[in-house]
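Here are a few friendly notes to read alongside the structure.

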Amino acid sequence: MSDVMMTPKQIIAARVAKEMKDGDVVNLGIGLPTLVPDYLPKDVNVILQSENGYIGLGPANDEIDMDLVNAGGQPAGIIPGGAFFDSFFSFSLIRGGHVDVTVLGGLEVDAKGNLANWMVPGKMVPGMGGAMDLVTGAKKVIVAMEHCSKKGTPKILEECTLPLTGKGVVDLIVTELAVFSVTEEGLVLEDLQEGVDLETVREKTAASFKVKEFIGC
Amino acid sequence: MNKIIPKEEVSTIFKDGMTIMAGGFMGVGTPQELVSAVLESNAKDITLIASDTAVVDKGVGPLIVNKRVKKVIASHIGTNPETGRQMIEGELDVELVPQGTFTERVRAGGAGLGGVLTPTGIGTVVEEGKEKITIDGREFLLEKPLHAEVAILKARKADKAGNLVYNRSARNFNPIMALAADLVIAQVDEVVEIGEINPDEVMTPGILVDKILVTGGN
């Protein structure tokens with residue numbers, strides 16, 4: 001797969017896919033995260049959980065079933081071996097630590113692993129849906145987002161300014177420029193996307209971070 | 001006891017100021033005929049407990065659009081712009097609840113619990129005004145039960161005893177809501193004789209279901 005012609009969203013999804021292990025139970029947020037399965041290596045099979053009540057989420061068949069939708073309410077499918085359950089059980093899976101990885105979008109993430117992605121006061125109050133439970137309960141929380149906002153302002157900050165979805169919950173941040181882990185000492189630059197230099201990342205990141213030794217040389 | 005009732009009778013059940021719980025996620029698994037019956041009843045000032053307010057013309061969305069609701073307790077309202085508009089205009093009181101906390105509050109309401117302790121929402125605006133309890137060094141929020149006067153549910157099939165079988169992802173919130181209301185009405189696609197549903201396949205036992213509205217089939 002060549003990086004040429006890939007959009008920022010595709011670059012991010014492809015990098016997130018590398019974090020998945022064979023057999024992981026994964027919950028993908030709406031939008032960008034749903035691109036991740038397209039980039040999974042052939043020997044990595046993950047089991048997708050849909051918080052509206054099943055495991056084994058797959059693409060919709062030609063025959064649309066109005067009673068089978070994904071967490072965005074869009075027509076979906078279920079793979080052989082999947083299982084349906086009610087919302088109480090679904091969120092017991094999520095909150096109870098039975099989901100290995102969740103991938104969500106972000107409006108802001110900060111150096112303490114705080115995530116804001118559910119509201120902009122005075123502008124957008126859609127509700128948190130299942131996001132707060134996902135970031136609280138999933139074993140690994142990956143934020144997959146473009147490095148800067150549409151206006152070009154950094155989304156990775158020293159401290160979030162928007163209302164939080166979760167406090168200290170983020171494990172990994174993947175953007176089209178870089179990959180950061182969140183540690184007790186703050187952010188660590190784990191990886192640079194192909195063709196990106198360290199200076200660019202420094203310019204576009206409003207939080208201080210450590211750099212893993214082998215990067216940027 | 002005959003649990004099957006005609007639609008005309010259903011609309012006489014709903015009254016002004018009632019608390020109504022509705023199954024469904026984005027309108028999938030919402031009993032659309034029962035939502036219509038609420039509209040036909042002219043009941044207003046309803047407190048609505050539902051996962052989301054769906055879209056303007058589906059799920060519980062029409063109850064919002066037709067201004068029958070004074071308060072909604074939900075996890076997501078973003079797909080129905082009318083909910084946000086009424087909230088901003090001060091016409092509608094909206095309580096946003098994380099979806100997993102919502103399920104637990106409904107469950108608590110139906111299971112005789114005084115509340116549940118959840119880590120979800122710690123460090124966010126969700127914790128405002130709530131009691132925090134530390135257990136083994138970890139903080140939890142005390143979330144209180146939700147209970148309704150009427151629950152309206154959607155199932156694929158019922159037998160005449162009210163045993164329910166749901167279809168695919170339309171199950172969602174329906175089973176827990178069957179426990180959490182004084183009166184439970186299920187809209188079903190078909191009804192079969194008692195004994196025709198294998199007890200192993202019953203998803204909600206009939207003792208919880210008071211009334212059945214049959215649509216489609218016979």
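**Notes on a predicted model**

1. Three strands make up an open sheet, running β7-β6-β9 (chain A), with mixed pairing. Please keep in mind that this is a predicted model.

2. Which strands stand at the edges of this sheet? They are β7 (115-116) and β9 (156-157) of chain A. Each has a single partner strand, so one side of each is left without a neighbour in the sheet.

3. One pairing can be followed down to residues. Strand β6 (residues 108-110) of chain A pairs with β7(A) over 2 bridges, in the antiparallel sense. As background, strands of a sheet pair through backbone hydrogen bonds, either parallel or antiparallel.

4. Stepping back to the whole chain, chain A contains 13 strands and 4 helices. Its radius of gyration is 17 Å, close to the 17 Å that the globule rule gives for 217 residues, so chain A is as compact as a globular protein of that length. The C-alpha trace of chain A spans about 50 × 40 × 30 Å along its principal axes.

5. Of its 217 residues, 45% count as buried. Looking at contacts in chain A between residues at least 6 apart in sequence, 62% join residues at least 24 apart.

6. Now to the meeting of the two chains.

7. Finally, a single residue in chain B. Is Gly17(B) buried or exposed? Gly17(B) has 11 C-beta neighbours inside 10 Å and therefore counts as exposed, the cut-off for exposed being 12 or fewer. Gly17(B) sits in the loop between α1 (7-10) and β1 (19-22) of chain B. For a sense of distance, Gly17(B) and Val188(B) are 171 residues apart along the chain, and 26 Å separates their C-alpha atoms.

Notes
Residues are numbered from 1 along each chain as its sequence is written. Chains are lettered from A and ligands numbered from 1 in the order in which they are written. This is a predicted model: local features need pLDDT of at least 70, side-chain atom pairs count only at pLDDT 80 or more; totals for chains, interfaces and linings use all residues. Two strands pair if DSSP finds at least two bridges between them. The radius of gyration is taken over C-alpha atoms; the globule rule is 2.2 Å times the number of residues to the power 0.38. A residue is buried if 20 or more other C-beta atoms lie within 10 Å of its own, exposed if 12 or fewer, and partly exposed in between; C-beta atoms are placed from the backbone. Two residues are in contact if their C-beta atoms, placed from the backbone, lie within 7 Å.
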